[in-house]
Amino acid sequence: MSEAAAEIQGVSVEAIAERFDTPLFVYDAQVLADTFRELKDELPADIDLLYSLKANPNITICSLLHRAGAGAEVSSVAELMTAMRAGVDPADIIFLGPGKTSADLEACLDAGIHAVVCESLPELRLLNQVAAARNADPVPVLLRINPAFHSKGSGLAMGGKPRQFGIDEEQARASRPLLEELSHIEVRGFHTYMGTRFLDHRDVVSNTVQILSMVESVADDLGIELSTVDFGGGLGVAYFDNETDLDPAALGKELDEPVATFRARHPECRLIMELGRYLTARAGTYVTKALYVKESMGEEFVVADGGTNHHMAAVGIGSFVKRNFPVRHLGRPDAPADRVYTVTGPLCTPNDTVVKRASLPEVRPGDLLGVERSGAYGPTASPGLFLSHGYPSEVVVHEGRAVLVRDRDSPEELLARQYLADFDSVQ
C-alpha cells in the first residue's frame, strides 16, 4: 500500500511542485481566512484589525485578508500601492516607519489614508511642510509613542528602551507647543507597538491596559481628543519545541473589560490592532527539493534547491539560539521519523542551514521537504539575490485550486536592470 503524500485542500503538494517547480512558497487561503475570522470573532467587536504587509507583501495575500475584513498597515510606497490595488479602502490604511521621505509623505496625502504615523518630531515638521506646500487640509496624524514602561513576553521588545522607532513618552508629553505651531497637521491619536511574537495572552492584555492608560494621560497633556488608538499587536505563533500557540479566546475574554472601560470614556475612538505574522505564518509552506543526500563526519546532510536565500527566518533571525521550524517529508508525511538530517540550501556559505539535525523519514534525491508555518517573513526578509538565485515562485491554493501569484525570478530578469558600462565610449 502506497503512502499518502501531503495535500493542501485536497491538492497534492507534489502535483503543485511538478506544475510550478521548486523551490516555492505555497499558501492555504482557507487557513488565512479562518485565522482572521477566529481572532476577529474572539476579540471585542469594536477592535479593527489591520494587516501588516511587511510580514508578506504578496498582493493576493493582502487581497484575501482584505476580503476577510482586514485593513492595512504599510511602511513603503510599494506597500501602499499593494494595499490599494488589493482593494483596501484608504480610510483603513495607516503608514508608519522611522525613515519616511518627502515622497512617502506625498504619497500618503495623495492616497488620503486614515493616518500618517509620525515617529519623530522632525518628521512632524517635514509633514507639516509637505502639507503646507499643497495648502492642504490638516493631515491626520498618529504619534508613535515609545513608552517609558517595558513590555513583557515579547520575542523582540520595541518599547521602554532607546529605539529609532517612535517618540519617547517624555518628549511626546512636552511637545504641545510644537504641535500648536504646526497648523497643517492634526494629531488624532497615538500608536504604540510593544514587541513581537507574544505567545501568552496575559502579556498582551497587560501591555494593552498600560497603553490605554498612557495614551489617555498623554492626550490630556497635549489637549488632544482621542479619535484613534493603535495599541499594536505582535501576536506570535509557535514555531519551536516547547512553544504553544496564543489562545485567542482567552485573549478576547480578558480584553473585554479594559476595552469596554476605555470605550465608555471615549465612545468615538477607533481602536486598532495590527497583525502580520499571526495572520499569515500558519498558512504558508516553503517547499524545497532534495538534490543530494550526503554524509560528512558521521552527520547526514540533505542539500536542497532552496534555503536561507528564500527563508532567512528559518535560521532563527532575531534569536540568540538556532531552533528548527517544523519540517515535514511531503512525500511520506506519516512515515516514521527514524533518520536525522541537517537540511541545507544551495548557497556557498555554512550559514545556509534550513533545519539542523531534524528527525525525518528517509530522504532520497528528488524528495520534497516542507518547512511549515512559513507564511510570514519568507521572501520579504531573505537575501533572495545572494548568488543570484533570485526569488522563488509563490502559489495560493484557493477553493481547491492552485494559482500562481508570483513568478520566480529568471536569470534574464535579474540581469535586466543592470548595465554593462562601455568605458571606452565615455568622454
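About 80 Å³ of space lies in the largest cavity of this predicted model. A cavity here is a set of points, on a 1 Å grid over the protein atoms alone, where a 1.4 Å probe fits but cannot get out. Volumes are the space filled by probe spheres set on the points, with points joined across faces, edges and corners.

As the model is predicted, local features need pLDDT of at least 70 and side-chain atom pairs count only at pLDDT 80 or more, while totals for chains, interfaces and linings use all residues. Residues are numbered from 1 along each chain as its sequence is written, and side-chain values use heavy atoms, leaving out hydrogens and water.

**Enclosed spaces**

- The count comes to two cavities of 30 Å³ or more.
- Lining the largest cavity are 13 residues (each with an atom within 4 Å of a point), and Phe198, Val204, Asn207, Phe231 and Gly233 lie nearest its centre.
- Helix 9 gives the most to this lining, with four residues; helices (H or I, at least four residues) and strands (E, at least two) are DSSP runs numbered from the N terminus.
- By class, the lining of the largest cavity has seven nonpolar, six polar and no charged residues; Ala, Val, Leu, Ile, Met, Phe, Trp, Tyr, Cys and Pro count as nonpolar, Asp, Glu, Lys and Arg as charged, and the others, Gly among them, as polar.
- The second largest cavity holds about 30 Å³, and its lining is made of Thr288, Val327, Val343, Val354, Val355, Leu369 and Val371.
- Strand 19 (353–360) and strand 20 (368–372) are the elements that give two or more residues to the lining of the second largest cavity.

**An open pocket**

- The second largest pocket has a volume of about 340 Å³; a pocket is an open set of points with protein on both sides within 12 Å along at least five of seven lines.
- Of the 16 residues that line this pocket, Pro57, Asn58, Ile59, Glu394 and Arg406 lie nearest its centre.
- Helix 4 (residues 77–85) supplies the largest share of the pocket lining, three residues.
- Seven nonpolar, six polar and three charged residues make up the lining of the second largest pocket.

**The whole protein**

- The protein has 12 helices and 22 strands.
- Its C-alpha atoms fill a box of roughly 70 × 70 × 40 Å along the principal axes.
- Of the 427 residues, 54% count as buried, where buried means under 20% relative accessible area, exposed over 50%, and partly exposed in between (1.4 Å probe, protein chains only).
- Among contacts (heavy atoms within 4.5 Å) between residues at least 6 apart in sequence, 70% join residues at least 24 apart.

- In helix 5 (residues 102–111), Asp104, Leu105, Ala107, Cys108, Leu109 and Ala111 are buried, and their cover includes helix 4 and strand 6 (93–95).
- Just after helix 5, glycine 112 takes a positive phi of about 70°.
- Is threonine 280 buried or exposed? Threonine 280 counts as buried because its relative accessibility is 1%.
- Threonine 280 lies in helix 11 (residues 277–280) and, not counting residues up to four places away in sequence, touches residues including Leu32, Tyr51 and Gly375.
- Glycine 223 lies in the loop between helix 9 (201–222) and strand 13 (228–233), and is exposed, with a relative accessible area of 53%.
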